[in-house]
Amino acid sequence: MKNPTSIELYMLPMRKLNISTRQIDEPVPIHMHNFYEIELVLDGHGTNWINGTSAPLSRGLLYLLSPNDTHRIDSIGPLYLIHTTFLPDVENGLAVPLPDRGYVAHLSEREMQDVLRYFSMAEAEYCSSDAYRLQAAYATISLVLIHLLRHGRPCAAASTSQRLQPALMYIWQHCSDPMLDLTSVAEACNLSASYFSFIFHKTFGSSYCAYLTECRLRCACYLLNEGDISVTDIAYQSGFSSLSHFFRVFKSRFLCTPGEYRQKHAHDALQGFEDYVPISLWQHGEHTINAKVDTD
């Protein structure tokens with residue numbers, strides 16, 4: 001199996017348009033995408049840090065992230081969201097000029113039902129076999145974008161956050177290299193290592209070393225879910241210099257061994273819950289944070 005570069009884990013969309021429901025049970029580290037992302041919070045609480053500015057996560061929060069935005073998520077218990085990613089493919093029916101920064105809006109319950117209906121229509125079109133299904137799905141997503149751009153507020157990046165974006169990109173591109181060091185990352189922003197370390201922590205609330213370790217752990221988790229790669233190979237492919245260090249850091253972060261993590265997530269995949277709950281069930285109140293549903 002070909003080992004994906006680190007950046008592919010967050011930077012490449014699965015397809016031109018992806019619409020699903022998903023569950024977040026743990027913090028999501030700072031990252032960027034080269035595509036657009038829209039998410040609607042269905043249930044749960046937490047904080048979404050977009051370009052260094054906090055946006056409280058609760059039912060009804062709708063937000064757009066552009067390729068120029070950085071964000072991380074701090075969840076308080078499980079978060080349930082509608083998750084949409086897409087490329088700016090105007091030819092396939094996207095009717096709205098896309099902004100170069102993120103947008104956030106908090107929907108009333110009535111507005112949320114309208115937006116849920118749009119997502120449900122887009123999902124149905126995308127999953128159909130009808131002619132022009134992709135164009136119809138994009139056109140319906142345009143209705144979500146119009147509502148967000150009319151009623152939301154932009155999330156402009158602070159100057160320090162913008163200045164550090166090349167470093168975030170560089171870390172994701174090279175985190176699987178065990179020789180990656182602070183100096184080379186700082187040079188991506190034309191900063192000295194000491195000053196870069198200071199403003200990185202001040203801006204993102206994480207030290208460079210802690211963030212690099214988190215990126216490597218994310219690579220490891222991705223590879224553990226990919227199939228039959230040995231845990232030893234995963235440790236080194238993720239940028240860890242020794243197997244013992246990998247095991248120690250992994251268990252401290254996830255409270256289980258890499259092998260246990262693989263078994264647990266293989267079982268979760270068989271359960272088929274978070275990515276397969278139809279949006280229409282949320283729309284009609286047939287799915288809640290406390291009850292799973294039979295989607296067959």
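Biologist: Leaving aside neighbours within four places in sequence, with which residues is A193 in contact?

Modeller: The model is a predicted one. A193 belongs to helix α6. Once the neighbours within four places in sequence are set aside, the contacts of A193 are L182, T183 and A186.

Biologist: Is A193 buried, partly exposed or exposed?

Modeller: The C-alpha atom of A193 is separated by 9.5 Å from that of D181, twelve residues away along the chain. Buried would require under 20% relative accessible area, and exposed over 50%. The relative accessibility of A193 is 23%, so the residue counts as partly exposed.

Biologist: Which aromatic residue pairs with F196?

Modeller: The structure holds eleven aromatic pairs. One of them is edge-to-face, with 6.4 Å from centre to centre and 70 degrees between the planes; in it, the partner of F196 is Y208.

Biologist: How many residues apart in sequence are the parts that this pair ties together?

Modeller: Both F196 and Y208 are buried. F196 is in helix α6 (residues 193–204), while Y208 is in helix α7. The pair therefore ties together parts whose separation in sequence is twelve residues.

Biologist: Which residues form one aromatic cluster?

Modeller: Aromatic pairs number eleven in this structure. The members of one aromatic cluster are F240, F246, F247, F250, F254 and Y261.

Biologist: Over the ring of which residue does the charged end of R133 sit?

Modeller: For a charge to sit over a ring, the CZ atom of an Arg must be within 6 Å of the ring centre and within 35 degrees of the ring normal. The charged end of R133 is 4.9 Å from the centre of the ring in question, which belongs to Y126.

Biologist: What is the phi of Y132?

Modeller: Y132 is placed in the loop between α2 (109–127) and α3 (133–151). With 64% relative accessibility, Y132 counts as exposed. Most residues other than glycine have a negative phi. Y132 is not a glycine, yet its phi is positive, at about 65 degrees.

Biologist: Where does N190 lie, and is it buried or exposed?

Modeller: N190, a residue other than glycine, also has a positive phi, near 60 degrees. Its place is the loop between α5 (182–187) and α6. With a relative accessible area of 70%, N190 is exposed.

Biologist: Leaving aside neighbours within four places in sequence, which residues does A156 contact?

Modeller: A156 occupies the loop between β8 (153–155) and α4 (159–174), and is exposed at a relative accessible area of 55%. N68, which is 88 residues away in sequence, is 9.6 Å from A156, C-alpha to C-alpha. Beyond the neighbours within four places in sequence, A156 contacts N51 and R101.

Biologist: With which residues is L149 in contact, leaving aside its neighbours within four places in sequence?

Modeller: L149 is part of helix α3 and is partly exposed, at a relative accessible area of 26%. Leaving aside neighbours within four places, the residues in contact with L149 are V96, P97, P99 and Y103.

Biologist: Which residues lie nearest the centre of the second largest pocket?

Modeller: The second largest pocket has a volume of about 170 Å³. Its lining is made up of 13 residues. Those nearest its centre are V28, P29, I30, R72 and E214.

Biologist: Which elements give two or more residues to the lining of that pocket?

Modeller: By class, seven residues of the lining are nonpolar, two polar and four charged. The elements that supply two or more of the lining residues are β2 (28–31), β6 (71–86) and α7 (208–224).

Biologist: Among contacts between residues at least 6 apart in sequence, what percentage joins residues at least 24 apart?

Modeller: The chain has eleven helices and eight strands. Of its 296 residues, 48% count as buried. Among contacts between residues at least 6 apart in sequence, the share that joins residues at least 24 apart is 72%.

Methods: Residues numbered from 1 in each chain as written. Predicted model: local features only at pLDDT ≥ 70, side-chain atom pairs only at ≥ 80, totals over all residues. Heavy atoms only, no water. 1 Å grid on protein atoms, 1.4 Å probe; cavity = no way out; pocket = protein on both sides within 12 Å on 5 of 7 lines; lining within 4 Å. Points joined across faces, edges and corners; volume = space filled by probe spheres on them. Helix = DSSP H or I, 4+ residues; strand = E, 2+ residues; numbered from the N terminus. Nonpolar A, V, L, I, M, F, W, Y, C, P; charged D, E, K, R; others polar. Phe/Tyr/Trp six-rings, centres within 6.5 Å; stacked < 30°, edge-to-face > 60°. Buried < 20%, exposed > 50% of the residue type's maximum accessible area, 1.4 Å probe, protein only. Contact = heavy atoms within 4.5 Å.
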